[in-house]
Amino acid sequence: PQDERYWAERAATDPHFDWGERNEQSNWISQYWTSKDHPHRQLILDALTKVGPQGGILEVGCGAGANLARIAEAFPETQLAGVDVNAAALAYAAEKLPKPVLKLGSVLKLPFPDKSLGTIICDAVLLYVRPEDINQALSEIDRVALRAVILVEWFDKDEQGVVKDYHFARNYTALLCGLGFNVEMRKIKEEEWPNSQAWQKHGYLFVANR
């Protein structure tokens, strides 16, 4: 499975595309930006509306900033921040999004103080975290999050993680409850992540509150 190191070292010239067809005018970073209207991003906006944007919002693994762009539109007065391991993707996000505080960093060591952001979002990030690192990753999220955590990840009953379709799936409900959160989870619907059997099979939304 791909891990955090893959994303940290991934060059903008990588010919593989994650969101649709390749074209001569774009690379995988700019293509991610153009996925702003992908249906699953509405799940995150709806969850943020439910938990409330108070205290600021941090997206871990923000990439080129597609989610942050949508969040900025929905909550224009809210403090936004993003962290990513890929410097090129983060630079692209900085060009597109002047408002959020963007920092280079890892979910294993978030560059933010304790309880400094109200809500933390991970959208298809923890599925790249290896079993031996997941407790540290969630400990960092718990350290920085003041009120809530929103995850769009792959579920399995195993807590540490098992490989499904080349990514790690695990029991985030149990893991977050163990950190003192109350967690609601639901399966992602076909129309919320079209054209991906893997996401339709394994994808879940987790909304955790203290």
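Is N86 buried or exposed? In this predicted model, N86 is buried, because its relative accessible area is 2% and the cut-off for a buried residue is under 20%.

The setting of N86 was examined next. N86 is found in a loop. That loop runs between strand β2 (80-84) and helix α5 (87-96). The side chain of N86 makes polar contacts with backbone nitrogens. One is the backbone nitrogen of A89, reached at 2.9 Å. Another is the backbone nitrogen of A88, which lies 3.1 Å from a polar atom of the N86 side chain. Contacts with other parts of the sequence were also computed. With neighbours within four places in sequence left aside, N86 is in contact with W7, A8, R10, W28, I29 and L104.

A second feature is a pair of helices. Two packed helices are described by the angle between their axes and by the distance between those axes. Helix α3 covers residues 41-51, and helix α4 covers residues 66-74. The two pack at an angle of about 45°. Their axes are 10 Å apart. The angle makes α3 oblique to α4. The crossing of α3 past α4 is right-handed.

Residues from both helices make this contact. On the α3 side they are R41, Q42, I44, L45 and L48. On the α4 side they are A66, N67, R70, I71 and A74. By class, the residues of the contact of α3 with α4 comprise six nonpolar, two polar and two charged.

Conventions: Residues numbered from 1 in each chain as written. Predicted model: local features only at pLDDT ≥ 70, side-chain atom pairs only at ≥ 80, totals over all residues. Heavy atoms only, no water. Axes fitted to C-alpha atoms, helices over the stretch in contact; angles between N-to-C directions. Helix = DSSP H or I, 4+ residues; strand = E, 2+ residues; numbered from the N terminus. Parallel < 35°, antiparallel > 145°, perpendicular 65-115°, else oblique. Left-handed = near helix turned anticlockwise from the far one by under 90°. Contact = heavy atoms within 4.5 Å. Nonpolar A, V, L, I, M, F, W, Y, C, P; charged D, E, K, R; others polar. Buried < 20%, exposed > 50% of the residue type's maximum accessible area, 1.4 Å probe, protein only. Polar contact = N/O pair within 3.5 Å; in protein donor to acceptor, adjacent residues only side chain to side chain.
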